[in-house]
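Please walk through this structure one part at a time. The paragraphs below follow the chain from its sheet to its side-chain pairs.

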Amino acid sequence: MYLERLDIHGFKSFAKKTTLLFEARPHTRPGVTSIVGPNGSGKSNIADAIRWVLGETSAKAVRGEKMEDVIFSGSQKKARLGMAEVTLTLKRG
């Protein structure tokens with residue numbers, strides 16, 4: 001099985017719905033995907049979202065003090081959300 005898609009909405013820094021597609025080029029096998037970016041851009045939140053959608057129940061394991069910490073807490077431009085949703089799509093390989 002391969003990771004095909006990750007949809008994140010309201011989880012930590014992802015206030016707007018965000019979709020990450022993990023696609024192989026045509027006629028190739030899926031390989032390694034890297035997520036790169038500057039400090040503070042949310043790279044670790046992607047890993048936390050994957051752990052959470054797979055059933056992680058420890059707030060500390062997803063870098064929070066309580067489970068409510070995974071819900072987007074608001075910013076100067078965007079109001080706090082009341083829910084978090086992560087969908088993981090796997091592809092049979």
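Is Trp52 buried, partly exposed or exposed? Trp52 counts as partly exposed, because its relative accessibility is 24%; buried means under 20% relative accessible area, exposed means over 50%, and partly exposed lies in between, with a 1.4 Å probe and protein chains only.

The model is predicted, so local features need pLDDT of at least 70 and side-chain atom pairs count only at pLDDT 80 or more, while totals for chains, interfaces and linings use all residues. Residues are numbered from 1 along each chain as its sequence is written, and side-chain values use heavy atoms, with hydrogens and water left out.

Three strands form an open sheet in the order 2-1-3, with antiparallel pairing. Helices (H or I, at least four residues) and strands (E, at least two) are DSSP runs numbered from the N terminus, and two strands pair if DSSP finds at least two bridges between them. Strand 2 and strand 3 are the edge strands, each pairing on one side only. On average, neighbouring strands of this sheet are turned by 10° against each other, direction ignored; axes are lines fitted to C-alpha atoms, for helices over the stretch in contact, and angles run from 0 to 180 degrees between N-to-C directions.

Strand 1 covers residues 2-9 and strand 3 covers residues 85-91; seven bridges pair them in the antiparallel sense. Within this pairing, Ile8 has Val86 of strand 3 as its bridge partner. Strand 1 is also joined by four bridges to strand 2 (residues 18-21), and these two run antiparallel. Here Arg5 stands opposite Leu21 in strand 2, and Asp7 stands opposite Thr19 in strand 2. Helix 1 packs on the sheet and touches strand 1, strand 2 and strand 3; its direction makes about 80° with that of strand 3. Contact here means heavy atoms within 4.5 Å.

Next comes the nonpolar interior. A nonpolar core is a set of buried Ala, Val, Leu, Ile, Met, Phe, Trp, Tyr and Cys residues joined through side-chain atoms within 4.5 Å. The largest such core has 14 residues, and those with the most contacts inside it are Leu6, Ile8, Phe11, Ile46, Ala49, Val70 and Val86. Strand 1 and helix 1 are the elements that give two or more residues to this core. Leaving aside neighbours within four places in sequence, Ile46 is in contact with Leu6, Ile8, Phe14, Leu20 and Ile35.

Trp52 returns in the aromatic pairing. A search of the whole structure finds one aromatic pair. The rings of Phe11 and Trp52 have their centres 5.2 Å apart and their planes at 45°, so the pair is tilted. Rings of Phe, Tyr and Trp (its six-membered ring) pair if their centres lie within 6.5 Å; planes under 30 degrees apart count as stacked, over 60 as edge-to-face and the rest as tilted. This pair links distant parts of the chain, with Phe11 in the loop between strand 1 and strand 2 and Trp52 in helix 1, 41 residues apart. Phe11 is buried, because its relative accessible area is 0%.

Charged side chains form a further set of links. A search of the whole structure finds five salt bridges, each a side-chain nitrogen of Lys or Arg within 4 Å of a carboxyl oxygen of Asp or Glu. One of them joins Asp48 and Lys12, at 2.7 Å from N to O. This pair also links distant parts of the chain: Asp48 is in helix 1 (residues 43-53) and Lys12 is in the loop between strand 1 and strand 2, 36 residues apart. Both Asp48 and Lys12 are buried. Lys12, Asp48 and Arg63 are linked in a network of salt bridges.

Asp7 is buried, with a relative accessible area of 8%, whereas Arg5 is partly exposed at 32%. Arg51 and Glu56 form another salt bridge, at 3.2 Å from N to O. Arg51 counts as partly exposed at 41% relative accessibility, and Glu56 is partly exposed with a relative accessible area of 24%.

The last stop is Gly93, in the segment after strand 3. Gly93 is exposed, because its relative accessible area is 76%. Not counting residues up to four places away in sequence, Gly93 touches Met1 and Tyr2. The C-alpha atoms of Gly93 and Asn39 are separated by 33 Å, and the two residues are 54 residues apart along the chain.
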